[in-house]
Amino acid sequence: MDFDVLIIGGGVAGMSAALVLGSAKNKPFAEDKKIGILMHQKASALNGALFNNVLGIAPGTTGKELLENGRKQLAETYPHVVQVENEKVTAVLPFEGGYKIMTNKNSYTSHMAIIAVGPSNLFDIDGLKQYIEPHQNLPARKERIQLKNKDHKITENLYVSGVLAGWRSQFATAAGSGAHVATDILTIWNGGQTAMVHDSEPKI
């Protein structure tokens with residue numbers, strides 16, 4: 001397998017999952033894990049966003065700034081997380097106990113996959129269309145979709161996060177969804193023992 005987990009989507013949910021997974025690099029259960037994220041952001045709803053009500057983000061920050069800052073944060077803080085740029089996923093198919101992820105340029109294999117793209121009704125990824133249903137928490141007139149899941153899990157080793165998982169389109173909610181999936185995966189890697197990563201200031 002090319003990856004132990006591959007995240008599809010470089011928006012808030014996808015990058016939040018990548019940051020949490022990346023932060024576990026010094027844990028024995030995660031030190032040898034290969035983590036990747038397909039950073040396709042062109043269709044992200046953040047491109048037109050302006051943030052004034054998110055804890056820790058300076059008022060007036062634009063979505064475009066946040067996307068770029070997120071990429072830099074991930075690259076500088078957890079460079080072992082592979083960022084795949086300028087590729088759009090076309091298929092996610094079962095493959096040898098994991099998944100083959102095909103893009104418009106390449107194909108990858110991963111034991112686990114996290115789907116973290118937007119909830120547009122133009123969603124067109126082969127292998128996932130059977131899970132599409134109307135979004136349960138957004139107005140019907142918006143014609144948004146979600147992927148059928150139970151607590152973010154679609155099926156074995158396949159997860160969905162963010163608004164596509166059925167959550168409302170609030171920044172903190174989507175970020176929390178991505179982090180939730182990441183801690184579920186860390187827990188699996190830790191043999192089923194609950195796993196979270198918290199950094200702390202050094203004691204003087």
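**View 1. The right-handed crossing of helices α1 and α3.** α1 and α3 cross in the right-handed sense (clockwise, that is: a crossing counts as right-handed if the near helix is turned clockwise from the far one by less than a right angle, and as left-handed if anticlockwise). This is a predicted model, where local features need pLDDT of at least 70 and side-chain atom pairs count only at pLDDT 80 or more, while totals for chains, interfaces and linings use all residues. Residues are numbered from 1 along each chain as its sequence is written, and side-chain values use heavy atoms, with hydrogens and water left out. The helix and strand names follow DSSP runs (H or I of at least four residues for helices, E of at least two for strands), numbered from the N terminus. Two packed helices are described by the angle and the distance between their axes. Here the axes of α1 and α3 come within 7 Å and cross at roughly 35° (axes are lines fitted to C-alpha atoms, for helices over the stretch in contact, with angles from 0 to 180 degrees between N-to-C directions). On the α1 side, the residues meeting α3 are Val 12, Ala 13, Ser 16, Ala 17, Val 20 and Leu 21; their partners in α3 include Phe 171, Ala 175, Gly 178, Ala 182 and Trp 189 (contact means heavy atoms within 4.5 Å).

View 2. Ala 17 sits in helix α1 and is buried, with a relative accessible area of 0% (buried is under 20%, exposed over 50%, partly exposed in between, using a 1.4 Å probe and protein chains only). Skip the residues up to four places away in sequence, and Ala 17 touches Ile 7, Ile 114, Gly 178, Ala 179 and Ala 182. Asp 4 and Ala 17 are 13 residues apart in sequence, and their C-alpha atoms are 14 Å apart in space.

**View 3. Helix α3, end to end.** α3 covers residues 171-189, so 19 residues, and reaches 27 Å from first C-alpha to last, close to the 27 Å expected (that is 1.5 Å times one less than the number of residues). Among its buried residues are Ser 177, Val 181, Ile 185, Leu 186 and Thr 187. After the helix comes Gly 191, with a positive phi near 70°.

**View 4. The largest nonpolar core, and a second one.** In soluble globular proteins, nonpolar side chains tend to be buried together. The largest core here has 38 residues, and the ones touching the most other members are Leu 21, Ile 114, Phe 171, Ile 185 and Trp 189 (a nonpolar core is a set of buried Ala, Val, Leu, Ile, Met, Phe, Trp, Tyr and Cys residues joined through side-chain atoms within 4.5 Å). Two or more residues each come from β1 (3-8), α1 (12-22), β2 (35-38), α2 (63-77), β8 and α3. Apart from this core lies another, of 23 residues, including Tyr 108, Ala 113, Ile 154 and Ala 165. Zoom in on Phe 171: beyond four places in sequence, Phe 171 touches Val 12, Leu 46, Phe 51, Val 54, Ile 57 and Leu 66.

**View 5. Ser 161, tucked into a loop.** Ser 161 lies in the loop between β12 (158-160) and α3, and is buried, with a relative accessible area of 1%. Leaving aside neighbours within four places in sequence, Ser 161 is in contact with Ala 13, Ile 114, Ile 115, Ala 116, His 152, Ser 177, Gly 178 and Val 181.

View 6. β6 (residues 89-95) and β7 (residues 98-103) pair antiparallel over six bridges (DSSP has to find at least two bridges for strands to pair). Val 89 is bridged to Thr 103, and Ala 91 to Met 102. Two residues separate β6 from β7 in their hairpin. Next along, β7 and β8 (residues 107-115) run antiparallel with four bridges, and a hairpin of three residues joins β7 to β8. Lys 100 stands opposite Thr 109 in β8.

**View 7. Exposed loop residues.** Glu 96, in the loop between β6 and β7, has a positive phi of about 45° although it is not a glycine. Glu 96 is exposed, at 67% relative accessible area. Asn 86, in the loop between β5 (82-84) and β6, also has a positive phi, near 55°, and is exposed at 58%. Glu 143 belongs to the loop between β9 (132-134) and β10 (145-147) and is exposed at 51%. From Glu 143 to Thr 77 is 66 residues in sequence and 37 Å in space, C-alpha to C-alpha.
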